[in-house]
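I set out to record what could be looked up in this structure. The entries follow in the order in which I made them.

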Amino acid sequence: EWTADWYDDYPTDAQTDPLNYSSGSFRVLRGGNFIFLATLLRSAQRYYYPPAARVYDRGFRCARTR
């Protein structure tokens, strides 16, 4: 699933509810898809693509924010 987060490496120190980066070159995608191995089908799986990318095996889910 596409997310609203901009990609960057995770910080090395512990984080609690970290803020989203305000800009970047790549958007975060989470989870797996129907062509992945079962071990990659988890929400912690993280990838990144340019915002204009069109990938046939990626989707999105509408979610309400706080």
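**Entry 1: confidence and conventions**

I began with confidence: the protein has a mean pLDDT of 78, and 86% of its residues reach 70 or more. Here pLDDT is the predictor's confidence in each residue, from 0 to 100. I noted that this is a predicted model, in which local features need pLDDT of at least 70 and side-chain atom pairs count only at pLDDT 80 or more, while totals for chains, interfaces and linings use all residues. Residues are numbered from 1 along each chain as its sequence is written, and side-chain values use heavy atoms, with hydrogens and water left out. I reminded myself that where pLDDT is low, the predicted coordinates should not be read in detail.

**Entry 2: secondary structure**

I found 0 helices and 3 strands in the protein, in the pattern β-β-β along the sequence. Helices (H or I, at least four residues) and strands (E, at least two) are DSSP runs, numbered from the N terminus. Confidence is lowest in strand β1 (residues 2–6), at a mean of 83, and highest in strand β3 (residues 46–49), at 86.

**Entry 3: burial**

I looked up how much of the protein is buried: of its 66 residues, 17% are. Buried means under 20% relative accessible area, exposed over 50%, and partly exposed in between (1.4 Å probe, protein chains only). In strand β1 I checked Ala-4, which counts as exposed because its relative accessible area is 56%. The C-alpha atoms of Ala-4 and Leu-29 are separated by 9.0 Å, and these residues are 25 apart along the chain.

**Entry 4: the loop between β2 and β3**

I then turned to Ser-43, in the loop between β2 and β3. Ser-43 has a relative accessible area of 60% and is therefore exposed. From Ser-43 to Gly-31 I noted 4.2 Å, C-alpha to C-alpha, with the two 12 residues apart in sequence. Ala-44 is found in the loop between β2 and β3, and is partly exposed, with a relative accessible area of 44%. Its C-alpha distance to Gly-32 is 9.4 Å, and Ala-44 and Gly-32 are 12 residues apart in sequence.

Phe-34 also lies in the loop between β2 (27–30) and β3. Phe-34 counts as exposed because its relative accessibility is 65%.

**Entry 5: the second largest pocket**

Which residues lie nearest the centre of the second largest pocket? I listed Asp-5, Tyr-10, Pro-18, Leu-19 and Tyr-21, out of 14 lining residues. The elements that give two or more residues to this lining are β1 and β2. I recorded a volume of about 330 Å³ for the second largest pocket. A pocket is an open set of points on a 1 Å grid over the protein atoms alone, where a 1.4 Å probe fits, with protein on both sides within 12 Å along at least five of seven lines; lining residues have an atom within 4 Å of a point. Grid points are joined across faces, edges and corners, and the volume is the space filled by probe spheres set on the points.
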